[in-house]
Amino acid sequence: MAQSVRGLPQDAATATAGDVTGSAGPRRAPRIVFLQGVMPRSGTNYLQSLLELHPDVVVNPFGIRELPFLNTVEDARAYEGRFLRLYQRNRESFRDLETFCYMVSGFLRRIEAEFPADKTVVIKSPHTRMMRYFPYLFPAERCLIVLRDGKRAVQSTIDTWPLRFLGRTFADVCREWSFGTEAALEAQSRMSADACRLVRFEDAVAAPDGTVRDLMRFLELEEGRYPFERIGDLPILGSSRASRSNGEVSWTPVEKPKGFDPSKRPIEWSRKRRTVFDAVAGDMQKKAGYAS
């Protein structure tokens, strides 16, 4: 259904990213890339800032900073149920999630119609929930998934949104990271290397030049047009420590302090918190390639 709405060939193998006609030759529509994080505070802002330096990259299309399509699949199914109840015979004509597919595909068609073919449009969402639907809803798109050390992702989350009495618990945040990381690793295992790429936030911070070169190859962007000399001048956006204003995290860009490195920030947890993290997310921490 997504291929039909987008005007893509019904054989997904012949549909190439950014070529809505499926024919050979120059792209006739902008390439669309989804930047997914395993949870908020995973580093999607930094990766987006790196990509945005390229003159052929467009971020936040139509002013939309985040677009959690996949995270709302269950809500879309609930809406579809209400829609179909109004006229029961429509169930014979509509497939599961067909109305959701129209919404998603229609938005992508708008991007294809309003942005030049030589642009790469990046859509960000700090969630990997329901990533198993990605190849079906986005048959011609690519995705970048940002992984981050679970302990630092959890700490950054509770620094940004402090735990409240009768609100979500420390274990809930650990569980969110574990589930999001599991979904990310599963998605990568199911998708081709041409369609999905995992990026570790720590690697991007430690070696941004190398990370950018790898992303340029993956996204087929011209490396010679990238201003590598500007990477060091990128401001910080939404840091749980360096972007605080009046006791809360500000999303206004600020100058990077000397020695700023969120990938190496020490974790000072009580024995109880270390025990909870190990019980809830310890196995996934190891599976994702991070020290326990």
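Predicted model: local features only at pLDDT ≥ 70, side-chain atom pairs only at ≥ 80, totals over all residues.

Modeller: Residues are numbered from 1 along each chain as its sequence is written, and side-chain values use heavy atoms, with hydrogens and water left out.

Biologist: How many salt bridges does a search of the whole structure find?

Modeller: A salt bridge is a side-chain nitrogen of Lys or Arg within 4 Å of a carboxyl oxygen of Asp or Glu. Searching the whole structure on that basis gives 17.

Biologist: How many residues apart in sequence are the parts that Glu112 and Arg6 tie together?

Modeller: Their side chains form a salt bridge, N to O 2.4 Å. Glu112 sits in helix α4 (residues 98-114) and Arg6 in helix α1 (residues 2-6), so the parts they join are separated in sequence by 106 residues. Helices are DSSP runs of H or I, at least four residues, and strands are runs of E, at least two, numbered from the N terminus.

Biologist: Is Arg6 buried or exposed?

Modeller: Buried means under 20% relative accessible area, exposed over 50%, partly exposed in between (1.4 Å probe, protein chains only). Arg6 has 1%, so Arg6 is buried.

Biologist: Which strand holds Arg142, the partner of Glu220?

Modeller: Glu220 and Arg142 form a salt bridge, with closest N and O atoms 2.4 Å apart. Glu220 lies in the loop between α9 (208-219) and β6 (244-245), while Arg142 lies in strand β4.
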